[in-house]
Amino acid sequence: MADAGADQIETTKKRSLLPLIIGVVLALFLGGGGFYATWSGLILGSSGEHEAEAAHEAPAALPDIAFVPIDPIVISLGRGSDLSHLRFAAQLEVAKANAAEVTMLMPRIVDVINGYLRAVAVSRLEDPTALVELRAQMLRRIQIVTGEGRVRDLLVTEFVLN
């Protein structure tokens, strides 16, 4: 009787390992198939061949632009603040054909920027997220002064509060 019980335990152990082995083999097979499908681009993207072709294409020509520098402007912030000055410098992105015209209008551009920055509250200048809005407001004012279509963008190169 003892031998019959031992045989029964051995057969149940052998039977219980079979599903485990099948599960491991299937997991490896499916994992490898998923890796290959992703790597080859069948799932979630293009194939490596397309990426290699795109990498060998010539880069597009740069647009016909010029950058006109704006001299640094120092603005006193008044007595109500711990900060005393704002130092601002920028460049204007323009078409090369319009660079001379925009340079000629630089005194008006500096006047508009100076007037706008003096009117902005110091608390607004101290807000780090405000630079995007300030830049958009200054760009719009510069485009009004220079005429529509001459200035493409305002690139702020220095904005320091002392």
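The structure is a predicted model, and the protein chain contains 6 helices and 3 strands. Read from the N terminus, these elements follow one another in the order α-α-β-β-α-α-α-α-β. Of the 162 residues in the protein chain, 27% count as buried, and among contacts with a separation of 6 or more, residues 24 or more positions apart account for 66%.

**Confidence**

- The pLDDT of the protein chain averages 85, and 82% of the residues score at least 70.
- Among the elements, helix α2 (residues 48-56) has the lowest mean pLDDT, at 59, whereas helix α3 (residues 99-104) has the highest, at 96.
- Where pLDDT is low, the predicted coordinates should not be read in detail.

**The sheet**

- The 3 strands make up an open sheet, ordered β1-β2-β3, in which the pairing is antiparallel; β1 (65-76) and β3 are the edge strands, each of them pairing on one side only.
- From one strand to the next, the twist of this sheet averages 15°.
- Strands β1 and β2 are joined in the antiparallel sense over 10 bridges; within this pairing, Val68 stands opposite Leu92 in β2, and Ile70 has Ala90 in β2 as its bridge partner.
- Strand β2 is largely enclosed by the rest of the structure, because 8 of its 11 residues are buried.

**Helices packed on the sheet**

- β1 and β2 pair over 10 bridges, and helix α4 packs on the sheet with contacts to these strands, its direction making about 45° with that of β1.
- Helix α6 also packs on the sheet, where it touches β2 and β3, and its direction makes about 135° with that of β3.

**Helix α6 in detail**

- Helix α6 has 16 residues (131-146) and should span 22 Å at 1.5 Å a residue, which agrees with the 22 Å between its end C-alpha atoms.
- The buried residues of α6 are Leu134, Met138, Leu139, Ile142, Gln143 and Thr146; seen down the axis of the helix, they fall within an arc of 165°, so they line one face of α6.
- Just after α6, Gly147 adopts a positive phi of about 100°.

**Asp71 on strand β1**

- Asp71 lies in strand β1, and this residue counts as exposed because its relative accessibility is 56%, where the cut-off for exposed is over 50%.
- Although Asp71 and Val110 are 39 residues apart along the chain, their C-alpha atoms are separated by 8.1 Å.

How values were computed
Residues are numbered from 1 along each chain as its sequence is written. This is a predicted model: local features need pLDDT of at least 70, side-chain atom pairs count only at pLDDT 80 or more; totals for chains, interfaces and linings use all residues. Side-chain values use heavy atoms; hydrogens and water are left out. Helices (H or I, at least four residues) and strands (E, at least two) are DSSP runs, numbered from the N terminus. The expected span of a helix is 1.5 Å times one less than its number of residues. Buried means under 20% relative accessible area, exposed over 50%, partly exposed in between (1.4 Å probe, protein chains only). The arc is that of the directions from the helix axis to the C-beta atoms. Two strands pair if DSSP finds at least two bridges between them. Axes are lines fitted to C-alpha atoms, for helices over the stretch in contact, and angles run from 0 to 180 degrees between N-to-C directions. Contact means heavy atoms within 4.5 Å. pLDDT is the predictor's confidence in each residue, from 0 to 100.
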